[in-house]
Amino acid sequence: MNRVIVVGTDGSAAATAAVEWAADDAARAMARLCIVHAVDRSPYEIAKFSNPGPDDAVALSAESVLADAEMVARKRQPGIDITSELFQGAAATVLRGRADSAGEIVIGGRGLGGFPGAVLGSVSTHVAGHAHGPVVVVRSDPDTAYGEIVVGLDDYHAGEPALAYAFEQALLRACTLRAVYAWQPPAHAHIPESAHDLGEIHAARCRIAAGILLGWRQRYPQVQVIEDVRRAHPVDALAGVSAQADLVVVGSQGRGAIGTVMLGSVTLGVLYHARSSVAVVRP
């Protein structure tokens, strides 16, 4: 059991859902679960956390948060190996620092205290934009299952880590994998859309999607794959299918002009609009 799944908690309901999600994933992957809580005292110039006094309310609260989260995880998956860690520092920095030794980072979609913010709060964007490996932002009820994983297809090799993670998740969950390839007609201000052979463009995109998936189908013959080629913006396409998905998997960067240094606009858009949990996978 060498793989470690790290989940951030702050005692909120969203963090509890993230702990349950991470515990389930640890059980499926036969991985160790590490529950992390961060206390950032620097804005208040309070004494360092390493040597709290016996009546340190912040320290006692932090320990309580970790104990409660560990109890949730053990109740959810009694058979997994669980550890907990308490850190001083900004939550995003703490989680990013744990990424190199973790197989996966899991964060609640909304939180407070050590892991604050809405779906695209500073913690989510910072960790997903910098951490190497999968970062899962939990937005859906872990007890709701549709039996389908969604992955966004990309023309470039940078998307392969996302495909690897998506196929592995589908295999471990015995789920169908829906591979979504979205395309839009060439945009030219002075050329009408009717001038393009949209049927041929769509057929060509279908061939591209099939080519991307061919090797993965051979590597994972147990996984049922749906090739879903849509004429739509990638964010609209992925958000649209997310309502009936257990997880949406995207790469950290878009293709062409969409990509940015940290998170591509497609990735950010999916994080904003998806109705399911989202896994962002960086190379």
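Before I go on, some housekeeping. This is a predicted model, where local features need pLDDT of at least 70 and side-chain atom pairs count only at pLDDT 80 or more, while totals for chains, interfaces and linings use all residues. Residues are numbered from 1 along each chain as its sequence is written, and side-chain values use heavy atoms, with hydrogens and water left out.

Helices (H or I, at least four residues) and strands (E, at least two) are DSSP runs, numbered from the N terminus. Two strands pair if DSSP finds at least two bridges between them. Axes are lines fitted to C-alpha atoms, for helices over the stretch in contact, and angles run from 0 to 180 degrees between N-to-C directions.

Now, β5 (133-138). Which strands does β5 pair with? On one side there's strand β4 (residues 104-108), parallel to β5 over four bridges, and there G108 has V138 of β5 as its bridge partner. Strand β10 (residues 278-282) pairs with β5 as well, in the antiparallel sense over five bridges, and V135 stands opposite V280 of β10. How covered is β5? Six of its six residues are buried, where buried means under 20% relative accessible area, exposed over 50%, and partly exposed in between (1.4 Å probe, protein chains only).

Contact here means heavy atoms within 4.5 Å.

Let me stay with α7. Why do I call α7 largely enclosed by the rest of the structure? Because seven of its nine residues are buried: P234, V235, A237, L238, A239, V241 and S242. Those buried residues pack against β6, β7, β8, β9 and α8.

That brings in α8. The axes of helix α7 (residues 234-242) and helix α8 (residues 265-273) come within 9 Å and cross at roughly 30°. α7 and α8 are therefore roughly parallel, given that angles under 35 degrees count as roughly parallel, over 145 as roughly antiparallel, 65 to 115 as roughly perpendicular and the rest as oblique. The crossing is right-handed, that is, the near helix is turned clockwise from the far one by less than a right angle, with anticlockwise being left-handed. From α7, the contact uses P234, V235, L238 and A239, and from α8 it uses S265, V266, G269, V270 and H273.

Last topic, salt bridges. I'm counting a side-chain nitrogen of Lys or Arg within 4 Å of a carboxyl oxygen of Asp or Glu. How many are there in the whole structure? The search finds 11.

R76 is one to click on. R76 meets D24 in a salt bridge, 2.8 Å from N to O, and that pair links helix α1 (residues 13-29), which holds D24, to helix α2 (residues 57-76), which holds R76, 52 residues apart. R76 forms a salt bridge with D143 too, again with the closest N and O atoms 2.8 Å apart. D143 lies in the loop between β5 and β6 (148-152), so that pair ties together parts 67 residues apart in sequence. Buried or exposed? D24 is buried at 11% relative accessibility, R76 is partly exposed at 22%, and D143 is exposed at 55%.

And then there's a network: salt bridges link E148, R178, D228 and R230. Within it, R230 and D228 bring their closest N and O atoms to 2.9 Å. D228 counts as buried at 10% relative accessibility, whereas R230 is partly exposed at 30%.

That's my tour, thanks.
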